[in-house]
Amino acid sequence: MMLLLIVFIPFLAAIGLVFVPRNYRFVMRLVALATTLLVALLAVTLFWRFNADEACYQFVTTIPFLGADALGIHCRLGVDGINVGLILMGAIVAFAASCVSWEIKEREKEFYILLLVMSGGILGAFASLDLFFFYFFHELALVPTFIMIGVWGRGENRNYATFQITLYLSLGALIALIGLIALYLQLPADRRTFDIEAIIRHFNDRPMSENAQQFIFPLLMFGFGILVSLWPFHTWAPLGYSSAPTATAMLHAGVLKKFGLYGLIRVALPLMPDGAKSWLHILALLCLGNILYCGLVAMRQKDLNLLLGNSSVAHMGFVFLGIASLSLVGVTGAVVVMIAHGLLAALAFALSGYLYQQAETLDMTRMGGLMQRLPFVGAAMVLAMLAGCGLPGFANFVGEVMVFFGAWKSDLADAQRLVIVTAWGGLIIGALYSLRAVRNILHGPVGGKCESMTDANPWRKVPFVLLLGALIVFGSFPKLLTEKIKPSAAVIVNMANGGNRNAPNPSPPGATIARATTLGSAR
Amino acid sequence: MNYSQTILEMAVVGLGLGLLLLDLWTPVEQKRQLGYAAAAALGFVLLFSFSSFVDSGGTTAAFNGMYLQDRLALFFKRFFLVTTIIVLVMSVEFADRISVGISEFYALLLFALAGMMFAASANDFSLLFVAVELITVTFYVLTSFQRTRLASLEAGVKYLILGALSSAFLVFGIALVFGTTGTMNFRELAAVTAGFASNKVFLLGVLLVLVALGFKIAAFPLQIWAPDVYQGSPAPTTAFLAVGSKAAGFVLLLRVLFSAVPEITAQWMKLLMVISAVTILYGNLCAIPQRNLKRLLGYSSISNAGYMLLGIAALSHAGQSAVLYYLAGYLFAVLAAFTVICLVMRHTEDEDISALAGLNQRSPFLAAAMALAMVSLAGVPPLAGFFGKFLLLEAAVEQGASNHAYYWLVAIAIVSVVISLYYYFGVVRAIYWPKDAADLTLRLRHRYPLSRIVPECRPEYHHAGRGLVEGPTEFADRIDTMTIPDLSRRLASF
């Protein structure tokens, strides 16, 4: 029931907004804020009440009437350790995104409707236990992205950016869709269903043929990969984010983008162990492109938003590395990075949106000394950048360390230890561009554009405080996340390694769990 | 002989004749309203088609098996009836651009409808030919109905020449088939086809029939006429051509391929796949540079024919039902788009996409209808176009296991869907991006309010309840249209 509310309240509110007259600006804003706040509170409750000891799906809800029985499509929602944190993160970011939308001054009605549809679509995509609705909700969230960038976007290139992001993401989504359809057709004709649980149960008993795995896995890997800006299919991301209105960039870079990673972990890994074995080596190599190449590109940026966009692409590399490691610690770490980076990207884009609103430029050569003018925003910026470098105390550190530990101890490491060492070097690049950005924007003499800027008032501080708070809470008490993720990740990793196929409820390998626990409690 | 089977067709023909008679006693200024009367009467025919008298649930034949009333035929008959009702309402709106003879225009629409309904039931090459000719000949007149407009006349001539050519192919093909097998009935043909599978003359005959049907659905390489005719014809005719005529082509194709010559179809699987792939690519690539909206929709209709051919090329039950679903979604999307064109582009001769600029401010309801139509054609959830493409691709991937060529077809279809997003979203951009634009619809407001409500109010979503979320949004937008912009305009005119 709670999940049902989380997913459908935004849609209901969007429909409600349609009936609000155009000039009631305050009401529209209030509706959007109240809805997303309510959803965020529900998500916190859900997270709190989630039972970390069980690896199965909880809060499962089936919505009658939606779907088609003949094709085996049912709208089923549920959470396990992997997506409960992602839903919490998505709800928090959605609330923060409607908080920062005060900057929208024209056609507010359409904007808030689209924002709510996008939030509902995102949460629905992560909550769906049915492959069809999983895809459906994601696409539902993509259309508002396109319109929001086109209509409320900024900069000369927004037209180009709009079409680039739309075509790129649609291509990725369609490739993934073909993969999903092919997966569905692997089931025998009388047992065809899109229900993820049923599919997993079926292939657990009767593994898919090797050929089919080698064919479907790359479809999913590259299809989802394009959605997550896997190098070399990442070029839509920096330009798209720098042209998007703040709220859209926050929601997309923070949450919607994680859909592809979630799909890889949820669908591709457990169903196709043989496919995973041969293709994940390639993924591990490509993730170096993300970490190193995009990191180096980020170093050369003069525009703050382009820097953030490239750094967000670079961070995705760590998640790919965690997935490619196929170890419990690595996959758990990947999920933690997904959540941490979602909060961080939202925070960074919210801050840069605030600066753009004040200075009307994000050119770092024309800014400087902001720390004197904007002590609060400046401090938040420093913290965000430090979190991006992976400073202990922030959730990003926990995730990235786990990814590296997991990757180092995995089978992958024996073959490609060099990859991991090189990826480790990527952290230094991250530190370089983050700290240089801090120096250029916040310190030194006050830049020409920065004379008239004012600090955020208490209301405007809310989203920044919220996102920073979440980052620090999860960074200081990583057990909150890791304890919930581990049991579910263990099931997936176990299946992905092809072990214990016939056991109905595979027991997680104890040694790995113990290591993850010590890592979690060390902080 | 069972004449009562054809009661739906007879009702439509009678209605057309009655309309022509009624025209004699109707004052000139009210002739336009006859369209509503015809649409209402068709509504009754549509309701009647659900009665147990027509829909007995099984398959019945008439005229020695020439005429077949089954589920497929009824599906298409209802489809054609809905299409014609919407097109009639659209024509009432369009009537002031047709200088004379609006009641003949309505009557011709009805005769074409009768042809399409016969086509849906055709189970014999002779009935097929009669139905196709009834459709094509009425369209010769319908395309050139704006006699004073050069483009319309040009469209009529082009359609006439190529249509006559394809009719010639059709007759020749039927003659060859009849000459070799000695029968024209599909059921009897199916029994003997296997024996003629290597007979060159028979194969040539079937090929020529397919060429003629390919002309109707505008499949490559017989798509040449489509863009010019779509652009030049009056908007209601174009809409009818894009939906009704194309669907009639598809029902005949389904009948010929799967009930008359199934063996040949299986043999020609590769040919169907190649035609499908080339049609999809041609339509989508040529649509990219188009600025004329009707022409763009012409190319889009070519590509859509390609997608539906993909379902046929899958040679499976899933593929055929996907085609039917796709057509249903296509009907509402295309008719909504043409209704908006009909209403918005009345003062611009060239129907350029830029005429839609700022439609969002002028009339949010029409803007939303157009945008939804484009997004549905582009195949984005939660609209019907997405489910149609989803089912088609699923059918093709399913066949891929037995023949890997299907994977290439699917890859081409996917790339083309991405290409098509570019031009469909280009229309959406033209509607929403610009912040202000000249008001072209000022004069049409509230003249025929019904037509603003009826056609677009029910896009996809009463089809199996799948394309959800649209209804309420549009309704609300309509309320907005009525109140705030009007009020502000009245205030400004003081």
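1. Residues are numbered from 1 along each chain as its sequence is written, and chains are lettered from A in the order in which they are written. Because the model is predicted, local features need pLDDT of at least 70 and side-chain atom pairs count only at pLDDT 80 or more, while totals for chains, interfaces and linings use all residues.

2. Chain A brings 23 residues into contact with 22 residues of chain B, where contact means that the C-beta atoms, placed from the backbone, lie within 7 Å. On the chain A side, helix 1 (2–18), helix 5 (131–152) and helix 6 (158–185) each supply at least two residues, and helix 6 of chain A gives the most, with 11 residues. Helices here are DSSP runs of H or I, at least four residues long, numbered from the N terminus.

3. In chain B, helix 13 (residues 293–313) packs against helix 17 (residues 384–400) at an angle of about 40 degrees, with the axes 8 Å apart. The contact is made by B:Tyr307, B:Leu310 and B:Gly311 of helix 13 and by B:Lys389, B:Leu392, B:Ala395 and B:Ala396 of helix 17.

4. Of the 20 residues of helix 4 of chain B, 19 are buried, so this helix is largely enclosed by the rest of the structure; buried means that 20 or more other C-beta atoms, placed from the backbone, lie within 10 Å of a residue's own.

Technical notes: Two residues are in contact if their C-beta atoms, placed from the backbone, lie within 7 Å. Axes are lines fitted to C-alpha atoms, for helices over the stretch in contact, and angles run from 0 to 180 degrees between N-to-C directions. A residue is buried if 20 or more other C-beta atoms lie within 10 Å of its own, exposed if 12 or fewer, and partly exposed in between; C-beta atoms are placed from the backbone.
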